[in-house]
Amino acid sequence: MAKCPNCGKEVSKPDKSFKNMVFHVEAYTCKKCGYCFKVMG
Ligand SMILES: [Zn+2]
């Protein structure tokens, strides 16, 4: 789960998640405002 940095809504599922050598990256699209963002963990 991640919070949309644009409107603050919580987005429960990432569209995509992938790993590179260093990071686990999840790509989210906010359903409320349509903003796309990535979260690295
Ligand atoms: Zn949003």
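Trainee: In the hairpin of E4 and E5, which residue takes a positive phi?
Mentor: That's Gly-34, with phi near 80 degrees. The hairpin has 6 residues between its strands. Keep in mind that this is a predicted model.

Trainee: OK, and how do E4 and E5 pair, parallel or antiparallel?
Mentor: Antiparallel, over 5 bridges. E4 covers residues 24-29 and E5 covers residues 36-40.

Trainee: Which residue in E5 is the bridge partner of Val-25?
Mentor: Met-40 is the partner of Val-25. Thr-29, for its part, stands opposite Cys-36 in E5.

Trainee: Stepping back, how many helices and strands does the protein have?
Mentor: There are 0 helices and 5 strands, which gives β-β-β-β-β from the N terminus on.

Trainee: What does the C-alpha trace span?
Mentor: About 30 × 15 × 15 Å along the principal axes.

Trainee: And how much of the protein is buried?
Mentor: Buried residues make up 2% of the 41 residues.

Trainee: Switching to contacts: what share comes from residues 24 or more positions apart?
Mentor: Among contacts with a separation of 6 or more, those pairs account for 31%.

Trainee: I've been looking at Lys-9. Where is it?
Mentor: Lys-9 is in the loop between E1 (2-3) and E2.

Trainee: Why does Lys-9 count as partly exposed?
Mentor: Because Lys-9 has 13 C-beta neighbours inside 10 Å. A residue with 12 or fewer would be exposed, and one with 20 or more would be buried, so 13 puts Lys-9 in between.

Trainee: Which residues does Lys-9 touch, leaving out those up to four places away in sequence?
Mentor: Cys-4, Cys-30 and Lys-32.

Trainee: Back to that glycine, then. What separates the C-alpha atoms of Lys-9 and Gly-34?
Mentor: They are 11 Å apart, while along the chain the two sit 25 residues apart.

Trainee: Last thing, confidence. What's the average pLDDT?
Mentor: The protein averages 95, and 100% of the residues score at least 70.

How values were computed
Residues numbered from 1 in each chain as written. Predicted model: local features only at pLDDT ≥ 70, side-chain atom pairs only at ≥ 80, totals over all residues. Pairing = 2+ DSSP bridges. Helix = DSSP H or I, 4+ residues; strand = E, 2+ residues; numbered from the N terminus. Contact = placed C-beta atoms within 7 Å. pLDDT = per-residue confidence, 0-100.
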